[in-house]
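This briefing presents selected structural features of the model shown below, grouped by topic.

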Amino acid sequence: MSKTIYQFILVTQQERVGILQLNRPDALNALSPELMEELVEALEAFDQDPDIGAILLTGGEKVFAAGADIKKMAEASAIDMLLIDQLARWDRIRKLHKPVVAAINGYALGGGCELAMMCDCIIAGENAKFGQPEIGIGVIPGAGGTQRLTRAVGKAKAMELILTGRQFGASEALEMGLINKITPPELTIETAMQLAAEIASKPSIAVRLGKEAVLKAFDTTMEGGLDYERKLFYLLFSSLDQKEGMAAFMEKRKPVWQNA
Amino acid sequence: MSLPKLPDCLLAELNESGVLTLTLNRPDALNAFDDELSFALHEGLKFAEKDKAVRAILLTGAGRGFCAGQDLKSRSIQAGSDAQVHLGESIRKRYAPIINKLSAIEKPVLAAVNGVAAGAGASIAFACDIRLCVPEAKFIQAFVKVGLIPDSGACWLLPRLIGYGRAMVLAMSGDPMTAEQAFAWGAVNKIVEADSLQSEAQALAVQLANGPTKALGLMKRAFQYGTAVSLESFLNYEADLQEIAGRTSDYQAGVQAFSEKRAPVFSGK
């Protein structure tokens, strides 16, 4: 694991789960370029670490993340934004191979909501508030909000939420299929931890290819996706864990994974 | 935190036991709600929710009434630029936030109903967790007489307190519910003579403020969750809440005191 000292995030590990906490409470965990650089670096470090099977991402008790640093971009020109292209850094998150579970308490707005949607599963406290309020400051989401929200909840709802900027709570998010589960806020991290730990206990190569196959569904035709899935399925037959898993099944015992 | 600056129409006093007393203070208007009072009460309740020193809230009225509901002389919000009145706006902006807050505050809220409670004034009493009232108190939902429906949650809250049938008769007739009826039907926990209402309400509030505040708050969460789900879902949720309660230092203190056969001292944490 990386030994880097971080300023804006806290990095810990619990067995096979790598835990990242956004930690810029004085700025409502605003996703500054500096914070995002640290976050992406730490995510990639966990992604490379063979002792990590899944990643948990969380924020504070009242705020997960309140979007970008508006002050820093208010005066920028289009060309400035293009040349700095700070959102390019975010693309590295979608290249992660390991599943990321988000544990959200409080506000996940703008970039905070987009960051949550980049995670593979979302566990939210009853006090969670989501939203893409960019329209209210004269722009639209720029880190995937229009695409990921639409794919998660469908066109009608996404259109309403993007064009009004309205905030919505955990139960509406659950109803729309944006999140996996609601929990009392006191138990959000634990509930997310249970899910992350369960995923981390599964054979890691199958987990990796499972994630890849599910994400492929957003990018391709049904036929292309089915073909892709089939190839990954066949590919897993060269893993030791496939041999072990099927042998254990037939011998009616628990498998012992080697993550290989 | 210190008490927020509130206008004279709402008195707020926090005592050393952690009881925040909020007194509706427009006695000449039987404490009817104008914009100022409704926004002030919401502010007061927001403070009560956030401030850790507050462990119980006591809501009462100055003078001879508890609260006469909407001040009909003050119709500012719902008076739009068109001639049409917008009563929905008034509820959304002024009353719903108060009722939501009374129910969401994870601390006990008591109403000491010192006289008439009408319209939104009655609803606010119904939204509290515990109600004491004087023998002369009346709960009036006379909306039907002007062609409106009981508001500020009355059609949700009152059937749960006294039953669907009784609540419907009150709503459709506009008849007042007397203190005796309210007590007999379970809407009021105790009737107390006027000269001892405040002291008795304070004593009860202090007792609740000395309780295991986190657990009391979780009880409110449990009661509310139960109104909307199946028993099976509820039991699942209950397990989460008990898990949370079991991690409080008050639980430790309670178990310890029980084993030592003495009264527990709860910190609220």
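**Sheet and overall architecture**

In chain A, four strands form an open sheet in the order E4-E6-E8-E9, with mixed pairing. Strand E4 (63-65) and strand E9 (168-169) of chain A are at the edges, each with a single partner strand, so one side of each lacks a neighbour in the sheet. Strands are DSSP runs of E with at least two residues, helices are DSSP runs of H or I with at least four, and both are numbered from the N terminus; two strands pair if DSSP finds at least two bridges between them.

The model is predicted: local features need pLDDT of at least 70, side-chain atom pairs count only at pLDDT 80 or more, and totals for chains, interfaces and linings use all residues. Residues are numbered from 1 along each chain as its sequence is written, while chains are lettered from A and ligands numbered from 1 in the order in which they are written.

- E4(A) pairs with strand E6 (residues 107-109) of chain A in the parallel sense, over two bridges.
- Within this pairing, Val63(A) has Tyr107(A) in E6(A) as its bridge partner.
- Helix H5 (residues 111-118) of chain A packs on the sheet and touches E4, E6 and strand E8 (129-131) of chain A. The direction of H5 makes about 95° with that of E6(A); axes are lines fitted to C-alpha atoms, for helices over the stretch in contact, and angles run from 0 to 180 degrees between N-to-C directions.

**The hairpin of chain A**

- Strand E1 (residues 9-14) and strand E2 (residues 17-22) of chain A run antiparallel and are joined by six bridges.
- Leu10(A) has Gln21(A) as its bridge partner in E2(A).
- Two residues lie between the strands of this hairpin, in which Glu15(A) takes a positive phi near 50°.

**Helix H9 and the fold of chain A**

- Helix H9 (residues 188-200) of chain A has 13 residues and reaches 18 Å from its first C-alpha to its last, close to the 18 Å expected at 1.5 Å a residue. The expected span is 1.5 Å times one less than the number of residues.
- Among the buried residues of H9(A) are Ile189(A), Met193(A), Leu195(A) and Ile199(A). A residue is buried if 20 or more other C-beta atoms, placed from the backbone, lie within 10 Å of its own, exposed if 12 or fewer, and partly exposed in between.
- Chain A has 12 helices and 10 strands. Its radius of gyration, 19 Å, is close to the 18 Å that the globule rule gives for 260 residues, so chain A is as compact as a globular protein of that length; the radius is taken over C-alpha atoms, and the rule is 2.2 Å times the number of residues to the power 0.38.
- Of the 260 residues of chain A, 37% count as buried.

**Chain B**

- Strand E4 (residues 109-113) and strand E6 (residues 130-133) of chain B run parallel and are joined by four bridges.
- Val113(B) is opposite Cys133(B) in E6(B), and Cys133(B) stands opposite Ile191(B) in E9(B).
- Pro97(B) is located in helix H2 (residues 87-104) of chain B and is partly exposed, with 17 other C-beta atoms within 10 Å.

**Contact between the chains**

- Four residues of chain A are in contact with four residues of chain B; contact requires C-beta atoms, placed from the backbone, to lie within 7 Å.

Notes
Contact = placed C-beta atoms within 7 Å.
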